[in-house]
Amino acid sequence: MDPKGEDFDSELFRAVSRDLWEDHAAWWQENFTDGADEEYVEQIIPLAIDQLREVGATRVLDLGVGDGQVSRAARESLEGDVRFVGVDPAMLQLRTASERGGIDLLLRAEAKELPFGPSTFDAVMACLVFEHVVEFETAISEVSRVLEPGGSFLFFLNHPILQTPGSGFIDDVELGEQYWRIGPYLVEDLSFEEVSKDVFIPFVHRPISRYVNAIAKAGMWIDHMAEPVPPEGFLDKAWEYRAAKDFPRLLFIRAKKVGGSVG
Ligand SMILES: C[S@@+](CC[C@H](N)C(=O)[O-])C[C@H]1O[C@@H](n2cnc3c(N)ncnc32)[C@H](O)[C@@H]1O
């Protein structure tokens, strides 16, 4: 299926995506969880914990929970009685999350239709999930619906400006130039990226404005944003990563559901 071809059908993309996450859950878990990935260990998990602490979360929805690594680490670090609920469409992610423990309730669901009533949570966290979600506007309005007024949406994305499809470090030996190439940013793009041999992962690229506007339309306001320098452990892996250290890989946005006390 060519996601840019005339016969492209986003419903089909969605169905294939669901199968791919099921097929490659083990690949994800082996390479990115349980301490295998420096960006999670050194950056994403600590940032998530800091943010959950700062907003005083007590009822957390981990949307696209995967193996549960972020919530599990947060549970160990946070003081007080904090409850974690995880949802994911992939059974093999949920099964591992259940085996590894630390989450109070795991449910099979997609971001576009969350199986909870209004105002159920005071924090919803989505770590590297929305770049795989086709119906992102519906999903963001679902996040807002299940948040109580004043509740926080903690939104982590692969940086959409600097990590667009086709972006990357270029070492042009002939011209003697090294630079960071940025692929088309304004073009919304659905693709199946071969991230490892025979491992195709569905990606949806969209400009940041689409997320920001969807967040605003859903009745949330952004009160914090971060674009951290890639962590040392990642930069140490290859000279070209260090050479490209000024191009963030991660974008973090925190938004609050309108209606609660500001603070
Ligand atoms: C890159 S993994 C991140 C997992 C976890 N959030 C973490 O940070 O460790 C993306 C996860 O999103 C889930 N996912 C994919 N499409 C989804 C959708 N439409 N709704 C909710 N989760 C989805 C996948 O099954 C996968 O577990």
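Author: Helices here are DSSP runs of type H or I with at least four residues, numbered from the N terminus. The model is predicted.

Reader: In which helix is the place of Ser-17, and is Ser-17 buried or exposed?

Author: Ser-17 sits in helix H1. A residue counts as buried when its relative accessible area is under 20%. Because Ser-17 has 5% relative accessibility, Ser-17 counts as buried. The helix is H1, and the class is buried.

Reader: Which residues does Ser-17 touch, not counting residues up to four places away in sequence?

Author: Contact requires heavy atoms within 4.5 Å. With residues up to four places away in sequence left out, the residues touched by Ser-17 are Phe-192 and Pro-202.

Reader: Which elements do the buried residues of H2 pack against?

Author: Helix H2 covers residues 25–32, and its buried residues are Ala-25, Trp-27, Trp-28 and Gln-29. After H2 comes Asp-34, with a positive phi near 55°. The packing partners of the buried residues of H2 are helices H1 (10–23), H3 (38–55), H4 (69–77) and H5 (91–100), together with strands S8 (189–196) and S9 (199–205).

Reader: How many residues surround the ligand, and how do the residues of the shell divide?

Author: The closest residues to the ligand are Tyr-40, Gly-64, Gln-69, Asp-88 and Ala-111. They belong to a set of 19 residues that surround the ligand. The shell divides into 12 nonpolar, 5 polar and 2 charged.

Reader: What radius of gyration does the protein have?

Author: The C-alpha atoms fill a box of roughly 60 × 45 × 35 Å along the principal axes. A compact globule of 263 residues would have a radius of gyration near 18 Å, so the protein agrees with that at 18 Å.

Reader: What share of the 263 residues is buried?

Author: The protein has 9 helices and 11 strands. Among contacts with a separation of 6 or more, 71% join residues 24 or more positions apart. The protein exposes about 12,600 Å², of which carbon and sulfur atoms supply 51%. The buried share of the 263 residues is 49%.

Methods:
Residues are numbered from 1 along each chain as its sequence is written. This is a predicted model: local features need pLDDT of at least 70, side-chain atom pairs count only at pLDDT 80 or more; totals for chains, interfaces and linings use all residues. Side-chain values use heavy atoms; hydrogens and water are left out. A residue is near a molecule or strand if one of its heavy atoms lies within 4 Å of it. Ala, Val, Leu, Ile, Met, Phe, Trp, Tyr, Cys and Pro count as nonpolar, Asp, Glu, Lys and Arg as charged, and the others, Gly among them, as polar. Buried means under 20% relative accessible area, exposed over 50%, partly exposed in between (1.4 Å probe, protein chains only). Helices (H or I, at least four residues) and strands (E, at least two) are DSSP runs, numbered from the N terminus. The radius of gyration is taken over C-alpha atoms; the globule rule is 2.2 Å times the number of residues to the power 0.38. Accessible areas come from the Shrake-Rupley method with a 1.4 Å probe; for residues, only the protein chains shown count as cover.
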